[in-house]
Amino acid sequence: MDTKIQVEIYGQTYSIRAGADSEYIRNIARYVDIKMREIASGTPTVDSMKIAVLAALNITDEFFQLKRQKQDADKEVERRTEQLNHILDSV
């Protein structure tokens, strides 16, 4: 069931309709707000659109780094599993 909740991001209120847990949506909005405020504090621009784009780039960078780390971890697990299977096969 879709839930409609209100969140505030960088001084703007948004009505969001989502099937997810409302607290989860609030946490996501809070994270975006924090990222935008971090960028705004270190950037001379006051254009909220530019701040939003920079926040999106930073969040996407974080996501890609975590995705790469997971892929690397998955490859390592696969490699170790193959080693263990080889050891077990030789017993």
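## Elements of the fold

Helices are DSSP runs of H or I with at least four residues, strands are runs of E with at least two, and both are numbered from the N terminus. By that rule, the protein has two helices and two strands. Their order from the N terminus is β-β-α-α.

This is a predicted model: local features need pLDDT of at least 70, side-chain atom pairs count only at pLDDT 80 or more, and totals for chains, interfaces and linings use all residues. Residues are numbered from 1 along each chain as its sequence is written, and side-chain values use heavy atoms, with hydrogens and water left out.

## Overall shape

The protein has a radius of gyration of 21 Å, whereas a compact globule of 91 residues would have one near 12 Å. That radius is taken over C-alpha atoms, and the globule rule is 2.2 Å times the number of residues to the power 0.38. The C-alpha trace spans about 65 × 40 × 15 Å along its principal axes.

Of the 91 residues, 14% count as buried. Buried means under 20% relative accessible area, exposed means over 50%, and partly exposed lies in between (1.4 Å probe, protein chains only). Contact means heavy atoms within 4.5 Å. Among contacts with a separation of 6 or more, 24% join residues 24 or more positions apart.

## The two helices

Helix α1 covers residues 22–41 and helix α2 covers residues 48–90. They pack at an angle of about 115°, with their axes 9 Å apart. Axes are lines fitted to C-alpha atoms, for helices over the stretch in contact, and angles run from 0 to 180 degrees between N-to-C directions. The pair is therefore roughly perpendicular, a label for angles of 65 to 115 degrees.

From α1, the residues that meet α2 include Tyr31, Val32, Met36 and Ile39. On the α2 side, Ile51, Leu54, Ile59 and Glu62 are among the partners. The residues of this contact divide into ten nonpolar, two polar and two charged. Here Ala, Val, Leu, Ile, Met, Phe, Trp, Tyr, Cys and Pro count as nonpolar, Asp, Glu, Lys and Arg as charged, and the others, Gly among them, as polar.

## Two sites to look at

Tyr10 sits in the loop between β1 (3–9) and β2 (12–18). Tyr10 is not a glycine, yet has a positive phi of about 50°. Its relative accessible area is 24%, so Tyr10 is partly exposed.

Gln83 belongs to helix α2. Gln83 is also partly exposed, at 41%. Thr13 lies 70 residues from Gln83 along the chain, and their C-alpha atoms are separated by 54 Å.

Conventions:
Parallel < 35°, antiparallel > 145°, perpendicular 65-115°, else oblique.
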